[in-house]
Amino acid sequence: MGGLTLGGGIGYLARGLGLSCDNLISADVVTADGRLLIASEQENEDLFWALRGGGGNFGVVTSFEFGLSPVKDIYGGPIFFELDRAGDVLHFFREFIVDAPEQLGGFPAFQIAPPLPFIPENRHGEPFLAIVACWAGPLVEGERALQPFRDVAPIVAEHVGPMPYPALNSAFDGLVPPGLQHYWKANFNTELTDAAIEAHLRHAPRLPAVNSTVHIYPINGACHRVAPDATAFAYRDASFATVIAGMWPDPADNEANIQWVRDYYQATAPHSEEGGYINFMSDDDQHRIEANYRENYGRLVQTKRTYDPGNLFHLNQNITP
């Protein structure tokens with residue numbers, strides 16, 4: 001996968017809080033020539049711009065300063081739906097999330113049911129469509145905020161309620177232990193078209209392992225209020241970031257499972273943007289590097305030439321100086 005990047009913050013929290021790169025105040029960076037620099041809007045501004053989405057191409061960041069939004073407890077969790085209703089849920093979600101309150105985060109996910117107590121035991125190991133929901137507004141409003149998800153289709157299982165935000169953010173850590181095989185593909189989507197949904201419905205049911213998953217992250221809200229050239233993260237007009245996260249324990253399954261990811265990606269790519277989220281890229285995605293940054297790529301190359309002209313930091317989605 002790519003190196004350090006602040007291109008996202010894509011995940012469970014409220015969409016209105018925006019991307020983590022937009023909340024960065026400063027960073028301490030050790031550059032290729034051994035200097036320790038401060039990158040901020042006042043110092044080394046070009047480096048500060050590049051760090052916010054440009055991956056681990058420019059140095060080793062030893063500390064960050066962020067402007068944070070206070071979040072303690074949220075109302076949320078996963079809601080599992082039958083696969084034969086996945087199309088209904090996805091069609092609903094793409095419309096609902098456009099003008100949903102910005103305190104409401106979350107995303108659709110295709111997931112094999114792990115052996116958890118809130119899921120009926122006879123359904124463990126089956127693939128489902130899930131909504132992983134996160135309401136970061138007042139807790140008393142949480143049930144009402146999530147009710148539209150419960151109304152769209154019958155629910156197989158859910159684990160929803162008040163919880164500390166870190167509990168939701170780490171809820172699936174157990175599915176990703178050290179030592180897994182990884183092969184991922186990703187694209188941005190300006191819209192989740194009917195054809196894209198059909199491609200998901202064809203390929204997602206063949207998830208190869210409980211560790212594998214497909215997430216369709218909404219990235220609207222606050223990040224759309226920032227200009228595409230304000231940071232290195234260029235896809236401010238995208239509405240979704242889709243990731244096909246192939247993960248499994250046995251290397252003997254590599255050929256078949258990598259092919260599943262590739263087939264899935266090939267089916268969804270024609271209905272997506274050319275670029276994808278940098279942290280979701282695999283080693284063989286280097287040819288997509290310019291597309292991932294669009295019109296910002298040229299400025300990133302110039303910044304790379306300034307801070308790492310010898311390309312010391314190249315074990316990443318590499319911006320070649």
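**Entry 1: α2 against α5**

I started with α2 and α5, which pack at an angle of about 145° with their axes 10 Å apart. As the model is a predicted one, I kept in mind that local features need pLDDT of at least 70. I looked up the handedness next: α2 passes α5 in a right-handed crossing. Which residues meet here? On the α2 side I found Ala86, Gly87, Leu90, His91 and Arg94, and on the α5 side Asp194, Ile197 and Leu201. Sorted by class, this contact of α2 with α5 has four nonpolar, two polar and two charged residues.

**Entry 2: α2 against α3**

I stayed with α2 and turned to helix α3, residues 142-152. The axes of α2 and α3 come within 9 Å and cross at roughly 150°. Angles over 145 degrees count as roughly antiparallel, and α2 and α3 are therefore roughly antiparallel to each other. The crossing of α2 past α3 is right-handed. From α2, I noted Asp88, Val89, Phe92, Phe93 and Phe96 in the contact, and from α3, Ala145, Pro148, Phe149 and Val152. The class count for α2 with α3 came out as eight nonpolar, no polar and one charged residues.

**Entry 3: α5 against α6**

Back to α5, residues 194-203, this time with helix α6, residues 254-268. Their axes come within 9 Å and cross at roughly 160°. α5 and α6 are therefore roughly antiparallel to each other. I checked the handedness here too, and α5 passes α6 in a right-handed crossing. What does each helix bring to the contact? α5 brings Ala199, His200, Arg202 and His203, while α6 brings Trp260, Asp263, Tyr264, Ala267 and Thr268. By class I have four nonpolar, three polar and two charged residues for α5 with α6.

**Entry 4: the nonpolar cores**

Next I asked which residues touch the most other members of the largest nonpolar core. That core has 39 residues, and the answer is Phe81, Phe110, Leu146 and Phe149. Helix α2, residues 86-96, gives the largest share of this core, with five residues. Another core, of 25 residues, lies apart from it, and among its members are Ala109, Cys134, Tyr165 and Trp184.

I then picked out leucine 146 and left aside its neighbours within four places in sequence. Leucine 146 is in contact with Tyr75, Gly76, Leu104, Ala133, Trp135 and Val160.

A reminder to myself: most residues other than glycine have a negative phi. I looked up two residues that go the other way.

Arginine 294 is not a glycine, yet its phi is positive, at about 50°. I found arginine 294 in the loop between α7 (289-293) and α8 (297-307). Its relative accessible area is 27%, so arginine 294 is partly exposed.

Asparagine 311 also has a positive phi, near 60°. Asparagine 311 sits in the segment after α8. Is asparagine 311 buried or exposed? Buried means under 20% relative accessible area, so at 16% asparagine 311 counts as buried.

**Entry 5: some C-alpha distances**

Proline 177 is in the loop between α4 (165-169) and β9 (181-189). With 36% relative accessibility, proline 177 counts as partly exposed.

Arginine 206 lies in the loop between α5 and β10 (213-218). Arginine 206 is partly exposed, at 48% relative accessible area. From arginine 206 to leucine 192, I noted 14 residues in sequence and 21 Å in space, C-alpha to C-alpha.

Glutamine 302 belongs to helix α8, and at 45% relative accessibility glutamine 302 counts as partly exposed.

Note on methods: Residues numbered from 1 in each chain as written. Predicted model: local features only at pLDDT ≥ 70, side-chain atom pairs only at ≥ 80, totals over all residues. Heavy atoms only, no water. Axes fitted to C-alpha atoms, helices over the stretch in contact; angles between N-to-C directions. Helix = DSSP H or I, 4+ residues; strand = E, 2+ residues; numbered from the N terminus. Parallel < 35°, antiparallel > 145°, perpendicular 65-115°, else oblique. Left-handed = near helix turned anticlockwise from the far one by under 90°. Contact = heavy atoms within 4.5 Å. Nonpolar A, V, L, I, M, F, W, Y, C, P; charged D, E, K, R; others polar. Core = buried A, V, L, I, M, F, W, Y, C linked by side-chain atoms within 4.5 Å. Buried < 20%, exposed > 50% of the residue type's maximum accessible area, 1.4 Å probe, protein only.
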